[in-house]
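Thanks for making time this morning.

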Amino acid sequence: MKHSIVIVDDHILIAKALRSIMANFEDFEVLYECENGKELQDKFTSKANIPSIILLDISMPVMDGFETSKWLREHHPNVLVLALSMQDDEQSLIKMIKNGARGYLLKNV
């Protein structure tokens, strides 16, 4: 069984690079990419668009990762969220975990 993934990042090159990396793993399939949390919300109107895992950037326009992770925790608690960020500070990490993220990776990892 493949795990479905959605990438939410406003940096298109990073999203495409992550998609390319994920293509090397046969157990994972990237469904689509979004540039912000609002775009993700709009996609969630169809059950087929709800993934098992979301790779979520924190700093995005319109609806950032903090708001998005909180919305996901409230409306789709079974979706696993992994935060991706350049923000290397304890406050961001704690806030994302409190908002439901299961992990926090720095983009330079």
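Predicted model: local features only at pLDDT ≥ 70, side-chain atom pairs only at ≥ 80, totals over all residues.

Leaving out residues up to four places away in sequence, D57 touches V8, D9, D10, H11, G65, L84, S85 and K107, where contact means heavy atoms within 4.5 Å. Residues are numbered from 1 along each chain as its sequence is written, and side-chain values use heavy atoms, with hydrogens and water left out.

To return to D57, this residue belongs to strand β3, residues 53-57, and here helices (H or I, at least four residues) and strands (E, at least two) are DSSP runs numbered from the N terminus. D57 counts as buried because its relative accessibility is 3%; the convention is that buried means under 20% relative accessible area, exposed means over 50%, and partly exposed lies in between, with a 1.4 Å probe and protein chains only. The side chains of D57 and K107 are joined by a polar contact of 3.4 Å, and by that term I mean a pair of N or O atoms within 3.5 Å, of which, within protein, one must be able to donate a hydrogen and the other to accept it, with residues adjacent in sequence counting only if both atoms are side-chain atoms.

H11, which is among the residues that D57 touches, sits in the loop between β1 (3-8) and α1 (12-22). Is H11 buried, partly exposed or exposed? H11 is partly exposed, because its relative accessible area is 42%. Its side chain makes a polar contact of 3.4 Å with that of D10, and, leaving aside neighbours within four places in sequence, H11 is in contact with D57 and K107.

Now to the strand itself. In β3, 5 of its 5 residues are buried: I53, L55 and D57 point one way, while I54 and L56 point the other way. On one pairing, β1 and β3 run parallel and are joined by 4 bridges, where strands pair if DSSP finds at least two bridges between them, and I7 stands opposite L55. On another, β3 and β4 also run parallel, joined by 5 bridges, and the bridge partner of I54 in β4 is V81. The chain crosses from β3 through α3 to β4, a β-α-β crossover that is right-handed, which means that, with the strands pointing away from the viewer, the path from the first strand over the helix to the second runs clockwise.

Strand β4, residues 80-85, pairs with strand β5, residues 103-106, in the parallel sense over 4 bridges.

Let me turn to the helices. In α3, the buried residues are G65, F66, T68, S69, W71 and L72, and they pack against α2, β3, β4 and α4. The N-terminal end of α3 is capped by D64, with a side-chain oxygen 3.1 Å from the backbone nitrogen of F66. At the start of α4, a side-chain oxygen of D89 comes within 3.3 Å of the backbone nitrogen of Q91, and after α4 comes G100, whose phi is positive, near 115 degrees.

The ring of F66 also has the charged end of K95 over it, 4.5 Å from its centre, and the charged end of K43 sits over the ring of Y32, 5.0 Å from its centre. The criterion is that NZ of Lys or CZ of Arg is within 6 Å of the ring centre and within 35 degrees of the ring normal.

One backbone detail deserves a moment. Most residues other than glycine have a negative phi. V62, however, has a positive phi near 70 degrees; this residue lies in the loop between β3 and α3 (65-75), and V62 counts as exposed because its relative accessible area is 66%.

Finally, S52 is located in the loop between α2 (37-43) and β3, and S52 counts as partly exposed because its relative accessibility is 27%. Not counting residues up to four places away in sequence, S52 touches H3, S4, N78, V79 and L80.
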